[in-house]
Amino acid sequence: MNVHQKFYWMMAGVVTLLITASLIGAILKSKARSDSKRAVVQNLNSRIRAWWVMIAIFALVFLMGRDATVVLFAFVSFLALREFITLTPTKRGDHVPLFLSFFVLIPVQYLLIGYGWYGLFAIFIPVYAFLLLPAFAALAEDPDHFLERTAKIQWAVMVTVFCVSHAPALLLLDIPGYQGQDALLILYLLLVAQISDVLQYVSGKLFGRTKIAPNVSPSKTREGLIGGGIGAILVGGAMWWITPFSPLQAMGMSFIIVLMGFLGGLALSAVKRSLGAKDWGSMIEGHGGMLDRIDSISFAAPIFFHLTRFFFA
Amino acid sequence: MKMLVGAYPRWEGCLPSDAQRIYFANHTSHIDTLAIWSALPSALRAATRPVAAKDYWNKGALRRHLAIGVLNAVLIERSREDRQSDPLQPLSETLEQGRSLIIFPEGTRGSESLPGAFKSGLFHLMQRFPAVELIPVYLENLHRAMPKGVLLPIPLICTIHFGAPLLRVSDESKEAFLERARGSIVALA
């Protein structure tokens, strides 16, 4: 099978899944009696609707090719950074570093992927940006809470730009026997991370009892994590044929994606709560903001990228 | 505009309507006018004219084009020395034509999220035009998106809160009215 055939088979699977989900959503809607149940089902249905839109956008961009994929993720970073900075208290003195983050760091980081300059891609933000942003902030001569302000901007850029950019960076990998198919690895990463989120949500709603971190993320339960995690690892193993991995290796990679995704959701939930918010935004109906949807990918992408690069490329 | 500062409207105390209105808002950045204007449904934009300071917006071809050509602004004199006649005259004329107005009663941009003291223009307009609805508007985050003294805005999600029409209280003093008007914006914050 070539890349496109594999892609169409995957999409057929995803669409079947979404049709099933939409049907279940419709059945639950007709059965919900109490107000609280109706609210849960309504949220579930708007989440499913949002999934249709997200999958449609991704499929279209995938078919448009490599450049379009890189631009899509640049756009995702932009929206996520915008949500992060909107919730983060910043001061007048942060204007220049913030402006540079949006209009210089994001374009440069993604252009480096577009031009395939891996060496600079890997260090551009951790070395150049992290040294220069605070230097520009210092020029504004406002020492008030300087360390906190710097940390906030750096963390925002790290999570929303540097980490997220590792998903399209999979296109840079040169894996023997897998040439020209790297885009499928992006699809694999996104699907495993998102299916893990969905299954954890479902299994948490059905069986969730023991909260893991009630103060940080009340919806995360041990039963949800185990049930959803095992489910996602099995699904990830079953998708081995679109990856350069063997079935067992695919399960191992899925385990890493599930674990990092869970930790990402947890850590970013703590950040969100420290900023006094429940959701990052409201742009994706039922899900909250862009960052609520990609928190798991943000943490999983760099690790998945480097493990794949180290062991397979 | 939506992409850059995401000027999302939130109609909290009223709904978009073609009733004649004066929208009065806290003034925190040069893009305030643009933000409110783009938050209004496009059908209302043509009948709603922002009020802008002549001394700033009449300077230079670009500013003049933006203010008059794009936003169809009513320009007024701010400083007492430049005034030859009643500074509110252009506003009264616009209201007499049945148009709505967007005004910033502080008269100048503040650096805080909450508005400072109001100038008396709003009070006089309220008295001259008893039938016009006075809608408080709170601009959230715009002072962060484009603080005083910077050239270009950063993209933050800015929300435009539209409150309930200000009630009219008979025999209210100017000071009490202006403070109540200011409070109606603060209440939306």
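**Figure 1. The contact between chains A and B in the predicted model.** Nine residues of chain B and 11 residues of chain A take part in the contact. On the side of chain B that touches chain A, seven of these residues are nonpolar, one is polar and one is charged. The structure shown here and in the following figures is a predicted model.

**Figure 2. Overall form of chain B.** Chain B contains nine helices and seven strands. Its radius of gyration is 15 Å, close to the 16 Å that the globule rule gives for 189 residues, and chain B is therefore as compact as a globular protein of that length. Along the principal axes, the C-alpha atoms of chain B fill a box of roughly 45 × 40 × 30 Å. Of the 189 residues in chain B, 40% are buried. When contacts of chain B between residues at least 6 apart in sequence are considered, 71% join residues at least 24 apart.

**Figure 3. Strand β7 of chain B and its two partner strands.** Strand β7 of chain B comprises residues 159-162. Strand β1 (residues 8-11) of chain B runs parallel to β7(B) and is joined to it by four bridges. Within this pairing, B:Tyr8 has B:Thr159 as its bridge partner. Strand β6 (residues 133-140) of chain B also pairs with β7(B), in the antiparallel sense and over four bridges. Here B:Leu139 stands opposite B:Ile160. In a regular strand, side chains alternate between the two faces of the sheet. In β7(B), B:Thr159 and B:His161 point one way, whereas B:Ile160 and B:Phe162 point the other way, and all are buried.

Figure 4. The buried residues of α9(B) are B:Phe177, B:Leu178, B:Arg182, B:Ser184 and B:Ile185. They lie on the same side of α9(B), because they cover an arc of only 155 degrees around the axis. B:Glu175, B:Ala176 and B:Gly183 are exposed on the other side of α9(B). The elements against which the buried residues of α9(B) pack are β2 (21-25), α7 (121-128) and β6 of chain B.

Figure 5. B:Arg49 belongs to strand β3 (residues 48-53) of chain B. B:Arg49 is buried, since 22 other C-beta atoms lie within 10 Å. Apart from neighbours within four places in sequence, B:Arg49 is in contact with B:Asn72, B:Ala73, B:Val74, B:Thr94, B:Arg99 and B:Leu101. B:Glu172 is 123 residues away from B:Arg49 along the chain, and the C-alpha atoms of the two residues are separated by 28 Å.

**Figure 6. Two loop residues with positive phi.** B:Asn72 is situated in the loop between α5 (61-70) and β4 (74-76) of chain B. Phi of B:Asn72 is near 55 degrees, a positive value in a residue other than glycine. With 16 other C-beta atoms within 10 Å, B:Asn72 is partly exposed. B:Asp171 occupies the loop between β7 and α9 of chain B. B:Asp171 is not a glycine, yet has a positive phi of about 60 degrees. B:Asp171 counts as exposed because it has 5 C-beta neighbours inside 10 Å.

Key: Residues numbered from 1 in each chain as written. Chains lettered and ligands numbered in written order. Predicted model: local features only at pLDDT ≥ 70, side-chain atom pairs only at ≥ 80, totals over all residues. Buried ≥ 20, exposed ≤ 12 C-beta atoms within 10 Å, placed from the backbone. Contact = placed C-beta atoms within 7 Å. Nonpolar A, V, L, I, M, F, W, Y, C, P; charged D, E, K, R; others polar. Rg over C-alpha atoms; globule rule 2.2 N^0.38 Å. Pairing = 2+ DSSP bridges. Arc of directions from axis to C-beta.
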